[in-house]
Amino acid sequence: MTDISTRSAGGGAGGTVLSLRKLAPVIFLAPAILLLAVYLLYPLVESFRLSLLDWNGLGTDARFVGLDNWKKLASDALFWRAARNNILLAVFSVLIQMPIAVVLAVVLDNAGRGSRILKILYFLPLLMSSVALGVLFKYFYDVNFGPLNALLDYVGLGYLAQDWLGDTRYALGAVIAVVCWQYIPFYMVLFMAGLASFPAEISEAAKLDGASESTIFWKMKLPHLRGTFRTAIVLSVIGALRYFDLIYVMTGGGPEGASELMATYMYRNVFSSFQLGYGSTVASAMFIIVILIASVLLRFSKRYETEI
Amino acid sequence: MASSPVSRATGRVAVPVLGLIWLAVTTVPFLFMVMTSFKTQQESFSSSVWTLPEAFNLVNYIDVLSGSFLTYLKNSVMVVAISVLLVMLIASMAAYAFARIRFRFNEALFGLIVAGMIVPIHITLVPIYLMTRHMGLYDSPFALIGPYVATSLPISVFILTEFMRQIPKELEEAARLDGCGPFTIYFKIFLPLSGPGLSTVAIYNGIMMWNEFIFAYVLTSSTSTRTLPMAVWDFQGQYASNIPAILTVVTLTSLPLIVAYAFGQEKIVNGMMAGSLKG
């Protein structure tokens with residue numbers, strides 16, 4: 001190795017040789033590490049510290065209350081309902097998005113020339129900001145002026161019309177539908193990539209042996225997508241556990257907490273009730289839950305890791 | 001055996017039918033949005049949602065564009081441009097160190113940074129809010145740059161490190177024999193050769209930042225400092241029951257990315273996929 005060293009300006013008789021090569025990693029990494037320390041690591045630790053306080057965030061009257069907030073959290077039905085909603089969101093995201101995404105991927109795989117333009121159009125919802133989508137669908141679901149109820153009315157299903165976001169029975173489902181609407185194309189593109197990596201020679205050979213298209217799909221292509229399914233499920237579950245924007249915009253977690261998530265509950269505690277301490281407890285608990293579930297999922301999916 | 005021609009026939013029908021059904025599902029909300037934006041408020045109350053607008057009415061567009069909309073747009077462009085440039089520079093520097101310089105803790109540090117990808121940003125929200133107030137940056141668009149750059153770093157470092165590991169070693173060895181130090185090698189060889197990796201990083205993070213909501217919501221509060229996603233939020237409060245005006249704002253805020261998409265669909269789709277997959 002040719003070592004290019006420079007003598008530091010201050011190197012006196014002692015011969016302090018400061019190797020630029022040695023310092024290089026420090027210089028290259030310093031900006032990234034500094035930013036991550038300030039905006040990720042410190043807030044993480046600080047959040048746990050705040051979780052031990054009773055504080056409205058304004059004055060200096062923060063009071064150390066030990067684990068009181070954590071005890072409160074453990075028996076806080078609202079928090080556990082929010083966590084349950086996160087789990088429901090995760091489960092239904094997977095159950096609804098995966099099958100539709102696979103079907104669409106297969107459709108586009110067979111659509112020939114039209115598939116490119118369809119893929120481009122399908123992908124559009126992913127470019128929208130969640131606020132824009134949230135506001136759009138708030139009006140889409142509107143009980144009086146919303147096009148959804150108008151559409152149901154038009155096709156003679158008027159009796160199905162509901163106050164979608166205002167009814168505790170439907171709010172969470174209505175919001176999950178929008179999440180699926182936005183993300184199905186994402187998983188579709190993922191499955192398309194999986195299908196494209198299926199060797200054409202194999203399906204040709206199977207066809208020569210008399211296998212039908214459906215046999216090839218069920219017995220060969222679907223098993224080939226196993227790795228893609230795992231990736232998709234991990235992404236979808238982790239995304240669902242930390243979901244916030246769209247639901248906050250559409251329902252604010254309501255009505256009566258029917259669509260509350262851990263993140264919206266945290267937000268309400270901090271910025272509406274000004275309970276910074278307890279809000280930080282909720283945030284910290286959410287962090288623990290996400291990390292636990294994510295590491296279980298990642299370990300589980302790594303054990304069987306195949307190509308994506 | 002006998003089912004084969006039948007299933008082929010159903011396939012021939014099912015493929016376009018399913019394709020068109022999903023096209024309808026995707027486009028109906030957008031149609032509602034654009035159609036309504038051309039209606040007057042009067043019209044939106046008196047006629048049914050699905051009747052076409054009486055005329056190609058631009059009144060809402062003129063109304064919105066002559067308001068503070070352009071201020072939001074300007075703030076968004078500024079925040080996203082500065083943040084994306086910083087992410088590209090800072091992440092590529094770190095990636096170069098991880099990919100090519102041998103030092104103690106290289107792998108441990110890389111693992112730690114990459115692990116940052118699964119941290120839900122919500123846990124950082126309150127401390128960053130307090131910190132921003134202390135720094136005197138509260139209610140300034142610049143308050144967003146720190147959080148945006150930092151939250152983009154883990155995925156960007158990961159993508160760029162993977163990319164730089166593929167760059168052939170011969171190039172830098174030749175440069176080193178010519179007496180180039182690590183800084184020259186980074187600027188003259190790795191940065192120019194990392195183009196595709198950098199563009200993935202820029203596209204993915206640029207779109208995420210352009211649409212970012214929660215930091216913008218918490219760290220800024222005035223019209224003059226807020227970014228585009230907040231325009232939708234603020235106008236919603238301001239216009240209350242003027243649905244056409246609000247949907248005009250929604251249309252206008254979505255337009256820049258849709259226009260960009262029209263020019264480079266493949267790049268944007270691939271960038272979004274790469275970013276989310278690694279993250």
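Reader: Is B:D139 buried, partly exposed or exposed, and which count decides?

Author: A residue is buried if 20 or more other C-beta atoms (placed from the backbone) lie within 10 Å of its own, exposed if 12 or fewer, and partly exposed in between. B:D139 counts as partly exposed because it has 15 C-beta neighbours inside 10 Å. This is a predicted model, in which local features need pLDDT of at least 70 and side-chain atom pairs count only at pLDDT 80 or more, while totals for chains, interfaces and linings use all residues. Residues are numbered from 1 along each chain as its sequence is written, and chains are lettered from A and ligands numbered from 1 in the order in which they are written.

Reader: Where is B:D139 found, and what is its phi?

Author: Helices (H or I, at least four residues) and strands (E, at least two) are DSSP runs, numbered from the N terminus. B:D139 is in the loop between α6 and α7 of chain B. Its phi is near 60 degrees, a positive value in a residue other than glycine.

Reader: Where does A:E256 lie, and is it buried or exposed?

Author: A:E256 belongs to the loop between α11 (245–250) and α12 (262–271) of chain A. The residue is exposed, because 9 other C-beta atoms are within 10 Å. Its phi is near 50 degrees, again positive in a residue other than glycine.

Reader: What span should helix α3 of chain A have?

Author: The expected span is 1.5 Å times one less than the number of residues. Helix α3 of chain A (residues 77–110) has 34 residues and should therefore span 50 Å; its end C-alpha atoms are 49 Å apart, which agrees. Just after α3(A), A:G112 takes a positive phi of about 65 degrees.

Reader: How many helices and strands are there in chain B, and what is its radius of gyration?

Author: Chain B has 14 helices and zero strands. The radius of gyration is taken over C-alpha atoms, and the globule rule is 2.2 Å times the number of residues to the power 0.38. A compact globule of 279 residues would come near 19 Å, but chain B has 24 Å. The C-alpha trace of chain B spans about 75 × 75 × 35 Å along its principal axes. Buried residues form 44% of the 279 residues in chain B.
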